[in-house]
Amino acid sequence: MTTPAPPTPEPVRIGIVSISDRASSGVYEDKGLPALQEWLSRALKNPITFDARLIPDEQARISETLIKLVDAGCSLVLTTGGTGPALRDVTPEATLAVAHKDMPGFGEQMRQISLAFVPTAILSRQVAVIRDRCLIINLPGQPKAIAETLEGLKNPDGSQKINGIFAAVPYCIDLIGGPYLETHDDVCKGFRPKSAVRPAR
């Protein structure tokens, strides 16, 4: 008698948005979208449909893009860029403008992680919000910082020193009615209470 194959992880639609005047106008190559796609593809077991956008630092355009991605069925939207104190940095304002719920813990943890590397992390203004059944998170602009904040910090022996923010993402998406995200633990181990864990696939 053959053992049935384990069920395939649920598919998920993820919006990835790079926000930059210069990259969107072709002055230099965008590195944010490839970094987001590469990291998510390594971290998640789920089949992913990416919905990618490269847009300028314009508040109304950012808000409009986020709304469209949520309406298109994205369960998670990650943005990169536009979160500093410069005059053109308006990503947090645009994100908060479309929020149904604010999730301040994500921004607090990102700054805590980044402070281990640079004192200017206190200038970062990343926020996270929920709109309908979608979690929207603003990430830093540099690919290295994106990976650091998502994964967290590890000790020399490979054990986790500071949790990255993505550890909380799967359970958050559970709570808002999204798909069950499954992570590759060697990249970033998602945490759920025992009562919320489904049988291993």
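Buried, in these legends, means under 20% relative accessible area, exposed means over 50%, and partly exposed is in between (1.4 Å probe, protein chains only). This is a predicted model, where local features need pLDDT of at least 70 and side-chain atom pairs count only at pLDDT 80 or more, while totals for chains, interfaces and linings use all residues. Residues are numbered from 1 along each chain as its sequence is written, and side-chain values use heavy atoms, with hydrogens and water left out.

**View 1. Arg192 pairs up with Asp174.** Here the two side chains meet in a salt bridge, 2.6 Å from N to O; the term stands for a side-chain nitrogen of Lys or Arg within 4 Å of a carboxyl oxygen of Asp or Glu. Arg192 sits in the segment after α7 (169-175) and Asp174 in helix α7 itself, so the pair ties together parts that are 18 residues apart in sequence. Helices (H or I, at least four residues) and strands (E, at least two) are DSSP runs, numbered from the N terminus. With 12% relative accessibility, Arg192 counts as buried, whereas Asp174, at 21%, counts as partly exposed.

**View 2. Asp51 and Arg13 link two strands.** The closest N and O atoms in this salt bridge are 3.3 Å apart. Asp51 belongs to strand β2 (residues 48-55) and Arg13 to strand β1 (residues 12-19), so their pairing joins parts 38 residues apart in sequence. Asp51 is buried at 9% relative accessibility, and Arg13 is partly exposed at 29%. Look for Arg53 here too: Arg13, Asp51 and Arg53 are linked in a network of salt bridges.

View 3. Glu64 has 40% relative accessibility and so counts as partly exposed. Going by the same cut-off, the salt bridge count comes to ten.

**View 4. Three residues make a nonpolar patch on the surface.** The members are Leu115, Ile122 and Leu123, with about 290 Å² of accessible area together. Patches are made of residues with over 30% relative accessible area and no salt bridge; like charges are joined within 9 Å, and nonpolar side chains (Val, Leu, Ile, Met, Phe, Trp, Tyr) within 5 Å. Accessible areas come from the Shrake-Rupley method with a 1.4 Å probe, and for residues only the protein chains shown count as cover. Leu123 is in the loop between α5 (104-114) and β5 (128-131), and at 44% relative accessibility Leu123 counts as partly exposed.
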